[in-house]
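Have a look at the model first, then read on.

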Amino acid sequence: MENGAHPVKNADGRDDGNHVVTYRAVDLVSHNDIRLSRGGCILIGLLSGGDYHQAGAQGCGKLIAAALARCGFGDRLLEAASSLSREELEKWLVTWRNDVREELRTNKSGLVGSKKPALAKKIPDDFSDVDLLLSCTNPIMSKTDGKPTREITWEKQPDIGKIAGLCELYFEWGVKDVIIKRFRTESKNPVLAHISRQSSQPGSNKHTKSSDSDSSQTRITKSPRKST
């Protein structure tokens with residue numbers, strides 16, 4: 001895979017001036033002004049609201065959530081969710097939840113900024129919901145073991161014109177020089193590999209009847225010249 005270490009960058013492995021900045025997890029953890037691990041990021045989402053549960057914990061914004069994450073509550077939560085059974089996790093959360101409340105009440109670590117006794121009282125006894133927590137720590141993806149994935153079959157040859165149209169619409173490749181370069185560096189090899197594979201399979205047809213409008217072969221026709 002081209003540029004596999006940084007797939008969000010362009011094929012040349014650098015910022016193309018339009019789209020992306022790359023952040024590494026190790027830098028987020030080590031930076032003195034951030035110090036956020038994966039567990040800390042999950043905790044921020046649970047407290048301040050995220051894709052799975054937009055409300056979060058009432059009255060807890062991102063700054064307080066980030067402070068609690070730097071206290072290590074997110075790392076403890078992630079470790080427990082990854083190692084305990086559901087029943088054990090529910091029991092463990094009771095102590096963890098009380099520790100979060102205690103930190104808010106006392107600001108023992110000095111990271112929260114000030115004592116937050118009112119917010120401590122708002123942390124509900126069911127925070128965090130176990131199903132919600134596990135959705136964050138163990139998200140279901142297309143490559144999740146045991147889950148069916150859709151097999152992609154190619155019934156026709158790729159339509160280069162339509163591919164170019166989609167790239168122009170979604171990837172901002174609408175400039176002539178850019179789209180030519182992208183097709184040369186990123187699209188040519190997969191398309192040629194597919195065509196070569198198709199032609200090498202037993203029973204493949206090298207020629208296509210012109211009457212077959214659904215043919216998988218690409219045809220170029222010339223318009224008849226007009227008589228002068």
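1. Some conventions before the packing: axes are lines fitted to C-alpha atoms, for helices over the stretch in contact, and angles run from 0 to 180 degrees between N-to-C directions. Helices are DSSP runs (H or I, at least four residues), numbered from the N terminus. This is a predicted model, so keep in mind that local features need pLDDT of at least 70 and side-chain atom pairs count only at pLDDT 80 or more, while totals for chains, interfaces and linings use all residues. Residues are numbered from 1 along each chain as its sequence is written, and side-chain values use heavy atoms, with hydrogens and water left out.

2. Helix 4 and helix 5 pack at about 180° with axes 11 Å apart, so they count as roughly antiparallel (angles over 145 degrees; under 35 is roughly parallel, 65 to 115 roughly perpendicular and the rest oblique). In contact (heavy atoms within 4.5 Å) are F73, R76, L77, A80 and A81 of helix 4 with L89, W92, L93, W96, D99, V100 and E103 of helix 5. That set divides into nine nonpolar, no polar and three charged residues (Ala, Val, Leu, Ile, Met, Phe, Trp, Tyr, Cys and Pro are nonpolar; Asp, Glu, Lys and Arg charged; the others, Gly among them, polar).

3. Helix 4 also meets helix 7, with axes that come within 10 Å and cross at roughly 95°; the two are therefore roughly perpendicular. Here L77, L78 and A81 of helix 4 touch L133, L134 and T137 of helix 7.

4. Helix 2 (residues 38–48) is mostly covered, with eight of its 11 residues buried (under 20% relative accessible area; exposed is over 50%, partly exposed in between, using a 1.4 Å probe and protein chains only). Its cover includes helix 3, helix 4, helix 5 and helix 7. Just after helix 2, G49 has a positive phi of about 105°.

5. How many salt bridges does a search of the whole structure find? Seven, each a side-chain nitrogen of Lys or Arg within 4 Å of a carboxyl oxygen of Asp or Glu. One of them joins D99 and R76 at 2.9 Å, N to O. D99 lies in helix 5 and R76 in helix 4, so this pair ties together parts 23 residues apart in sequence.

6. Another salt bridge pairs R101 with D125 at 2.7 Å, N to O. R101 is buried at 12% relative accessible area, whereas D125 is exposed at 62%.
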